[in-house]
Amino acid sequence: MHRSSYRLQAYQDPKLAKELRSGEVSVSELCNRCKERASKLNSLNALVTTTFEQAEKHALESNQRIQSGNARHILDGIPFAVKDNFSTKGIRTTCASKILQNYIPAYTATVVEKLEECGAILMAKQIWMNLQWGDSGCTDSIFGPTRNPWLYPYKEREVTVQRSDTQEVQDTDWFISGGSSGGSAVAVATGMVLGALGSDTGGSTRMPASICGVVGLKPTYGLSSRHGLIPLVNSVDVPGVLSKTVDDAAVILGAMCGADPLDSTTVSLPDQSFQLPDEIDIKGLKVGIPQEYHSPRLEEEVLQSWSKAADLFENAGAKVIPVSLPHTQYSLACYSVLCAVEVASNMARYDGIEFGHRSQDHSSTEALYAASRHEGFNQVVRGRIFAGNFFLLRRSVLQICFNLMTT
Amino acid sequence: MFTSRRSYSQDEKLHKSIPAKPTWHDVDRSTLSKRGVVDDATVELLERLSLVNFNNQAGVKTLMDAVALADTLQVVDTTGVVPMDSVLEDRDLNLRDDIITDGNCKEDVMRNAALTFEDYFVAPPGNIPLETKPASRYRDPDEEDQDKR
């Protein structure tokens with residue numbers, strides 16, 4: 001096997017960047033390896049739209065820059081992918097939903113633009129759950145479910161995986177990738193790309209990252225621009241980062257964050273390099289353990305892992321203390337209402353007139369809207385719209401919503 | 001991941017800061033006033049407002065479950081707490097100067113419309129209210145699931 005493909009198994013962007021700089025691996029070679037990997041792993045169903053032709057062209061340009069010593073950024077030449085709810089100019093952006101099946105944006109999301117300006121190479125748009133709301137398994141998209149690469153029998157049998165009881169996993173017996181950024185997590189976990197953007201509202205980057213065994217980061221709200229990110233819940237949505245290592249996540253975050261005049265909820269920070277030191281010293285760092293995080297159905301293994309993490313921090317010199325977040329147990333109920341409300345409002349734009357799926361029922365404007373939305377949305381999305389509109393009823397607003405804003 | 005999974009023993013001592021038992025309070029649902037009422041009139045109203053159909057009884061039940069979950073928030077005392085209306089709390093939002101920086105994008109704007117006519121978006125006649133069907137149809141076990149029609 002070629003040396004460069006071995007390095008795809010275990011890399012760090014800075015190390016790989018060094019190899020690109022020294023010419024050991026060319027950008028085109030790297031992108032080709034990723035493309036081959038993606039084609040071989042088609043059965044995992046992680047990608048919606050690939051942009052390999054465009055990527056090839058950008059790879060050549062990137063290589064030229066690197067060879068002449070003009071690399072734009074440490075990410076120059078690094079293949080990445082984005083979830084299919086980030087608008088990309090001229091490239092289909094579907095949200096894995098029938099309602100936007102043929103939608104082609106006329107502009108690119110700010111965070112994607114920023115990564116491309118650094119020289120990173122966009123390889124594909126990734127599958128996620130239908131409009132970001134369904135079960136947390138990433139099984140709800142119109143393109144079918146995304147499969148977890150772990151314990152999945154690859155068609156070409158490069159890797160043979162067997163369960164501990166020696167029963168071979170059958171093709172119909174696959175595991176979820178987690179959602180909603182399942183495709184992004186799978187692509188990073190399998191080396192189809194070396195970093196990916198997801199989005200995170202209520203765990204949509206962190207959950208699939210955890211289930212697929214990669215790093216998932218939800219940056220603080222306001223750090224990265226949401227311009228071009230098709231909105232679900234404007235007060236909680238954040239572009240998320242998926243990568244193999246924490247160092248890579250820091251590099252990608254540093255490249256994509258920053259105030260954006262097109263997103264007034266972004267915040268400027270004085271120092272946005274996000275460089276992690278080589279030696280990390282946490283002596284004296286205070287780490288709080290919220291007591292209310294022990295919820296009623298917490299699994300024993302999770303409890304033990306939690307305790308193990310506390311031990312690790314303490315052994316490394318941090319001060320680990322119990323703290324209280326007294327309203328934790330109400331957070332899910334709170335979230336469910338606020339999200340339903342914003343989802344109902346955000347889904348109102350899908351009427352079939354200016355963009356998106358348009359039904360054939362032309363008897364009246366309302367009939368067209370209703371038919372287009374019925375055909376375009378799945379049961380779960382519709383359920384959230386109803387709940388949201390219920391909470392937005394005049395009689396509910398004072399009783400429920402106002403109460404929530406103070407919880 | 002799977003090959004290196006540790007099997008945790010239940011006797012392993014927890015870190016002293018980790019609570020050994022769940023810490024949540026029970027919410028006695030019988031003390032909650034039934035604020036969220038989902039009756040037939042509400043179902044019909046919601047279908048008109050949402051411009052989508054529930055499709056079946058399960059759809060109505062999903063709504064009722066969501067409302068029941070929201071009702072549990074009644075136990076939280078929010079007297080005197082100022083509502084949060086922005087996640088950025090006390091920061092000001094950045095506002096742009098009122099200068100035109102965009103425009104001449106007619107083709108871009110029209111490109112994704114399924115139906116246009118001479119640079120216009122096309123909509124059927126308005127002012128015709130949507131024909132609503134009675135909510136009681138969701139209680140009829142013989143009523144077809146509208147998704148399957």
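Predicted model: local features only at pLDDT ≥ 70, side-chain atom pairs only at ≥ 80, totals over all residues.
A disulfide, in the sense used here, is a pair of cysteine sulfur atoms within 2.5 Å. By that rule, the count over all chains is 0. Residues are numbered from 1 along each chain as its sequence is written, chains are lettered from A and ligands numbered from 1 in the order in which they are written, and side-chain values use heavy atoms, with hydrogens and water left out.

Back to the cysteines. A:Cys118 is buried, at a relative accessible area of 10% (buried means under 20% relative accessible area, exposed means over 50%, and partly exposed is in between, using a 1.4 Å probe and protein chains only). A:Cys334 is in no disulfide either, and its nearest cysteine sulfur, in A:Cys339, is 9.5 Å away. With 12% relative accessibility, A:Cys334 is buried too.

Now take in chain A as a whole. It has 13 helices and 8 strands; these are DSSP runs numbered from the N terminus, with helices being H or I over at least four residues and strands being E over at least two. Of the 407 residues in chain A, 55% are buried. A contact means heavy atoms within 4.5 Å, and among the contacts in chain A with a separation of 6 or more, 73% are between residues 24 or more positions apart.

One helix to look for is α8 of chain A, residues 246-256. It is largely enclosed by the rest of the structure, because 8 of its 11 residues are buried. Among them are A:Val251, A:Ile252 and A:Leu253, along with A:Asp248. Just after α8(A) you reach A:Gly258, which has a positive phi of about 135 degrees.

Next, the loops of chain A. A:Thr201 lies between β4 (196-200) and α7 (206-212), and it is buried, with a relative accessible area of 4%. Its side chain makes a polar contact of 2.5 Å with the side chain of A:Asp237. (A polar contact is a pair of N or O atoms within 3.5 Å; within protein, one must be able to donate a hydrogen and the other to accept it, and residues adjacent in sequence count only if both atoms are side-chain atoms.) In the loop between β3 (121-126) and α6 (182-190) you'll find A:Ser180. A cis peptide bond links A:Gly179 to A:Ser180, with omega at about 15 degrees.

On a 1 Å grid over the protein atoms alone, a cavity is a set of points where a 1.4 Å probe fits but cannot get out, and lining residues have an atom within 4 Å of a point. Grid points are joined across faces, edges and corners, and a volume is the space filled by probe spheres set on the points. The largest cavity has a volume of about 60 Å³. Its lining includes A:Cys31, A:Phe52 and A:Met123, and the elements giving two or more residues to it are α3 (27-40) and α4 (52-67) of chain A. The lining splits into 5 nonpolar, 2 polar and 2 charged residues (Ala, Val, Leu, Ile, Met, Phe, Trp, Tyr, Cys and Pro count as nonpolar, Asp, Glu, Lys and Arg as charged, and the others, Gly among them, as polar).

Over to chain B. It has 3 helices and 2 strands, running α-α-α-β-β from the N terminus on. Of its 149 residues, 26% are buried. The loop between β1 (116-117) and β2 (120-121) of chain B holds B:Glu118, which has a positive phi of about 45 degrees although it is not a glycine. B:Glu118 is exposed, at 61% relative accessible area. B:Asp119 lies in the loop between β1 and β2 as well; its phi is near 65 degrees, again positive in a residue other than glycine. At 49% relative accessibility, B:Asp119 is partly exposed.

Finally, where do the two chains touch? One place to look is A:His294, whose contacts include B:Pro19, B:Lys21 and B:Trp24, as well as A:Leu303 and A:Trp306 in its own chain. A:His294 is in the loop between β7 (286-290) and α9 (300-315) of chain A, and it is buried, with a relative accessible area of 4%.

Terms used: 1 Å grid on protein atoms, 1.4 Å probe; cavity = no way out; pocket = protein on both sides within 12 Å on 5 of 7 lines; lining within 4 Å. Lists of a residue's contacts leave out its neighbours within four places in sequence.
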